[in-house]
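Dear colleague,

Please read the definitions alongside the values.

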Amino acid sequence: MLKNDMFDTYQKEALFYQSKMNTSSEYLPEILSVELSDDEIIILMKKYVSLERSNSDGELQKIINTLAKIHNDKIPEFLKKNRKEPLDKERVDYCLNGWRSVLNEHPKVFDEESLNPIAEKINEIICWHNNEDRVLIHGDFHWDNLLKTDDGRICVCDWQNVAIGGASEDLSFFMSRLGADGIQIDLDKILNMYTNAVKEISGKVINPELIKKHIAASNVITTFEFWHEFLHGNPEDRVKGIFDKLIKDFQTVNTSCTSSM
């Protein structure tokens, strides 16, 4: 009964759970059974409680440790190594006009001309961002998809968007959702937690400044392409917070990465 491509996304989630059922992936809920057919998907898993929101360093460290485990886990063979495709002119115009319509709901508040350089360079940013190291990513990593086990461990549900991508995509989305919910956390603190967790798990040393640039690029791409669809009718302050971050991140990517594009 699922419309459009929704069945395919749930099928991907089921295939992911199947691929991990007999592994020691601590970040997953306990999966009791998975059944797949051409028109039905049944996933039975243990019930957990949601993770309550907190900005304590201890809780954040546990979350970031969990994300680092995901990014350093083995990638299932069924996932395709897709990269973000450049946007065609029709899509760029759609996004640009969508943002203009949102800003026009608040007359004389925003400089919509500052969107033009983003529209002109969005595909250069996508191409540069595609050079980030590829890992297993959740694709929808935010607080509402975090669960707490009986022994205090964090596990992650809702894997419909699991993919091969850059670590910055999960980090950027996590920070963006927190910001949209009014929770501000220092990015450098998160990156320090993340790079330390990755080094402890795999021994790999990651440059946090490079991740920061890719996070900025990821935010520019996602915000420009999608956020205008959710901001109609929103108060000025909420629009301003997201719009100002879009402009700031574009400046970071544009000045830091132009020589690499």
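On a 1 Å grid over the protein atoms alone, a pocket is an open set of points with protein on both sides within 12 Å along at least five of seven lines, while a cavity is a set of points where a 1.4 Å probe fits but cannot get out, and lining residues have an atom within 4 Å of a point. Grid points are joined across faces, edges and corners, and a volume is the space filled by probe spheres set on the points.

This is a predicted model, in which local features need pLDDT of at least 70 and side-chain atom pairs count only at pLDDT 80 or more, whereas totals for chains, interfaces and linings use all residues. Residues are numbered from 1 along each chain as its sequence is written, and side-chain values use heavy atoms, with hydrogens and water left out.

The second largest pocket holds about 650 Å³ of space. Its lining has 26 residues, of which M175, S176, Q184, K245 and D249 are the closest to its centre. Helix α8 gives the most to this lining, with 9 residues (helices are DSSP runs of H or I with at least four residues, strands runs of E with at least two, numbered from the N terminus). By class, the lining of the second largest pocket has 11 nonpolar, 8 polar and 7 charged residues, where Ala, Val, Leu, Ile, Met, Phe, Trp, Tyr, Cys and Pro count as nonpolar, Asp, Glu, Lys and Arg as charged, and the others, Gly among them, as polar.

The largest pocket has a volume of about 1300 Å³, and of its 40 lining residues G139, N161, E169, T222 and F226 are the closest to the centre. Helix α7 supplies the largest share of that lining, 7 residues, and the classes there are 11 nonpolar, 14 polar and 15 charged.

There is also 1 cavity of 30 Å³ or more, lined by R53, H142, W143, F174, R177, L178 and D181.

Finally, α6 (residues 187–202) packs against α7 at an angle of about 120°, with the axes 10 Å apart (axes are lines fitted to C-alpha atoms, for helices over the stretch in contact, and angles run from 0 to 180 degrees between N-to-C directions). The contact (heavy atoms within 4.5 Å) is made by L187, D188, L191, Y194 and T195 of α6 with P208, I211, K212 and I215 of α7, and these residues divide into 6 nonpolar, 1 polar and 2 charged.

With best regards
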